Amino acid sequence: MTDPESLSLLEGSLRTTMAAASGAKLDAALTDLGWRDMLDEMPDVAVSLVFRLLGETGAHAPVLNDVVLRGTGAAPSDTAPLPFAGGSWVIWERGEIAGSAIDELLPIHRVAQGDLLAPAALDAARRAVGWWLVGAGRAMLALARQHALDRVQFGRHISSFQAIRHRLAETLVAIEGAEATLHVAAHSNDSLASLLAKAAAGQAALTAARHCQQVLGGIGFTAEHPLHHHVKRSMTLDGLLGNTRELTREAGKTLVHRGFAPRLAEL
């Protein structure tokens, strides 16, 4: 299943499924496609593919629970309390009852308190959300790029304007950098790598939201435009398992405590 041709076919099936369903229906469809088996047999490939496609398509499913609970013997219908920005805790329900204050489509509800996640579960969950954020960033970049190619001002396509090119280029660099950190984190036993990967992915998605909104101009600020959906989704996902600012501070404290900065990637 890990050869390029098989992965391409799998990606096509997943993308089609996510385009047709979301929420509880997508959760069931992913189960039928063997999502949990893939998570057991090839976790890194399954997580990067499924969560990236969730971001790119704008769909959602409570599959983050599967990543957190993997290996604990919990039932497939179980949910796990997840830390959220600001020291609060949330539950990602497996039903359709939406509750997120930012993204009204997500069935996320606050809970009083949760148990600290096991380090391995926290690291895996942070990488999963990181891939989701990267996918959302790519979706926003695609919308802005197409608009720049189509939109004509002063007799020229705005894609020819240097300011537009710089915004799109900076967004692409941020996304590619976040992807690189996620690949490194997947093969690292250091929790700091997963923490930094999640922080980089969150920053990349927020960078994409800022620059792509500017490229799209006034239309990018309207709730009816697809960009608005991805911006709200990115804000919610950035808050899960620690937002970019919190994780950056935590990484700094860790480095100070260790007294050295480890090499996370061979350059």
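I began with helix 10 (244–258), which gives three residues, the largest share, to the lining of the second largest pocket. My helices (H or I, at least four residues) and strands (E, at least two) are DSSP runs, numbered from the N terminus.

Housekeeping next: this is a predicted model, where local features need pLDDT of at least 70, side-chain atom pairs count only at pLDDT 80 or more, and totals for chains, interfaces and linings use all residues. Residues are numbered from 1 along each chain as its sequence is written, and side-chain values use heavy atoms, with hydrogens and water left out.

I looked up the space in that second largest pocket and found about 240 Å³. A pocket here is an open set of points on a 1 Å grid over the protein atoms alone, where a 1.4 Å probe fits, with protein on both sides within 12 Å along at least five of seven lines; lining residues have an atom within 4 Å of a point. The volume is the space filled by probe spheres set on the points, which are joined across faces, edges and corners. Of its 16 lining residues, P83, R126, L241, G242 and E250 are the closest to the centre. Strand 1 (82–84), strand 2 (88–92) and helix 6 also supply at least two residues each.

Then I turned to the largest pocket, with a volume of about 570 Å³. P43, D44, V45, V47 and S48 are the closest to its centre, out of 27 lining residues. Helix 4 gives the most to this lining, seven residues. Helix 1 (4–20) and helix 7 (162–186) are among the others that supply at least two each.
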